[in-house]
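Biologist: I'd like to learn how to read a fold like this one. Can we go through it feature by feature?

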Amino acid sequence: MAGHTPARYGELKAAVAAARAQFDAAKAAQPENLAEVLDGVEEQSVKIPSRDGGHTIEGRLYRSTAAAAATSGPTPILVNWHGSGMVFHMFGQDRPFCAQMAREMPGLAILDADYRKGPEDPFPAAVHDVEDALRWVASQPDVYDVRRVAVSGFSAGGLLALVASSSFRSTFTNHADVLRNVQIPVVVAVYPPTDLSVPVAERKQVEKPVRPIPPQMAALFDECYTPDPELRKDPRCSPGRTDPSLFPDHVVIITCGGDNCAPEANDLAEKVKDGKRKVVNEIMEGMPHAFDKTCQPGTPEWEQKDKMNALIVKELKEALRI
């Protein structure tokens, strides 16, 4: 309830509960075929320690079964965060993506990590969970190559991945613990919001929106995550406000042509171009926000998803030297 009056917190909880129920019903209507999704991949549940007593972070590790027996020594790792609007409990939604990354890059471990949501746990709880997930990776240098830690995320998870690879980098070296050893050479952010400090009504819009996030829903997300509008200026909340020099040498920002989150993310991609780092800014034309989560084989959305994932694999292989 931090940052909200009791009355407003109750209103937000009720609104979010109704929205969560709709999402849960939609998810239940599309059950996963786990045998198909996890073909050739090992999935392992893990509990990640948190700085906050009584709280642990849920995670799932993915590795190719073909590489499990042959792999020796520390491996590079991709840490991924799912979309949520910073309110929806959608951990596990990226299982197909994580499994595909493991299949196509057998030498890579993938950690899909959860994080706390508003309004119950507003900013900075989510970014603390992101940092603690990276600390957990860094605490195992015999297992993971801490010099090759990639980060990725979708929607709100993309925002968190951008934060992990930018403003966090400037603080890692100041840590007295294992975090100082973490190096993040690449970030992949897919249709991320990047600047929550701009009021919803004042944000740029795309010319031809496709199933856009309703403005009132976007405003609800922002209020649940950051009750105090001043906090939205913090680069850990709005990575579009981060010093461009803090981003890694390889930045991949993927946006959707029909998504109103696209203009600010495309602006960030332009902002971080300095002629030295590699910046890939791919626009999935005609696609709505989160188009890849419910698409079906044979549709234009499926084709665009395949194109997007092939691009992500290519850029990760290059950046991580695998």
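Predicted model: local features only at pLDDT ≥ 70, side-chain atom pairs only at ≥ 80, totals over all residues.

Biologist: Where do I find a parallel pair?

Modeller: Look at E3 (residues 75-81) and E4, which pair in the parallel sense over five bridges. Trp81 is bridged to Ala113 in E4.

Biologist: In what order do the strands of the sheet run?

Modeller: The order is E1-E2-E4-E3-E5-E6-E7-E8, an open sheet of eight strands with mixed pairing. E1 and strand E8 (278-284) are the edge strands; each has a single partner, so one side of each has no neighbour in the sheet. On average, neighbouring strands are turned by 20 degrees against each other, with direction ignored.

Biologist: Which helix lies across E3, E5, E6, E7 and E8?

Modeller: That's H10, residues 300-320. Relative to E8, H10 runs at about 175 degrees.

Biologist: And how do I read two helices packed on each other?

Modeller: You describe them by the angle between their axes and the distance between the axes. For H5 and H6 (residues 156-165), the axes come within 10 Å and cross at roughly 60 degrees. Perpendicular starts at 65 degrees, and the H5 and H6 pair is therefore classed as oblique. The crossing of H5 and H6 is right-handed.

Biologist: Which residues of H5 and H6 meet?

Modeller: On the H5 side you have Ala126, Val127, Val130 and Leu134; on the H6 side, Leu160, Val163 and Ala164.

Biologist: Let's move to charges. What's the idea behind a salt bridge, and how many does the structure hold?

Modeller: Side chains of opposite charge can pair when their charged atoms come close. This structure holds 28 salt bridges. One of them joins Arg116 and Asp52, at 2.8 Å from N to O. That pair ties distant parts of the chain together: Arg116 sits in the loop between E4 (109-113) and H5 (125-138), Asp52 in the loop between E1 (41-49) and E2 (56-64), and they are 64 residues apart.

Biologist: What about the salt bridge of Asp274 and Arg277?

Modeller: There the closest N and O atoms are 3.5 Å apart. Asp274 is partly exposed at 42%, whereas Arg277 is buried at 11%. Salt bridges can also join up: Arg51, Glu131, Asp132, Arg135 and Asp177 form a linked network.

Biologist: How many residues of helix H9 are buried?

Modeller: Seven of its ten residues (the helix spans 262-271), so H9 is mostly covered. The buried ones are Ala262, Pro263, Glu264, Ala265, Asn266, Leu268 and Ala269. Their cover includes H6, E7 and E8.

Biologist: Last one: where is Thr194, and what is it in contact with?

Modeller: Thr194 is in the loop between E6 and H8 (215-225), and at 2% relative accessibility it is buried. Leaving out neighbours within four places in sequence, Thr194 is in contact with Leu162, Ser238, Pro239, Gly240, Glu264, Ala265 and Leu268. Glu264, Ala265 and Leu268 are among the buried residues of H9.

How values were computed
Residues numbered from 1 in each chain as written. Heavy atoms only, no water. Salt bridge = Lys/Arg side-chain N within 4 Å of Asp/Glu carboxyl O. Helix = DSSP H or I, 4+ residues; strand = E, 2+ residues; numbered from the N terminus. Buried < 20%, exposed > 50% of the residue type's maximum accessible area, 1.4 Å probe, protein only. Pairing = 2+ DSSP bridges. Axes fitted to C-alpha atoms, helices over the stretch in contact; angles between N-to-C directions. Contact = heavy atoms within 4.5 Å. Parallel < 35°, antiparallel > 145°, perpendicular 65-115°, else oblique. Left-handed = near helix turned anticlockwise from the far one by under 90°.
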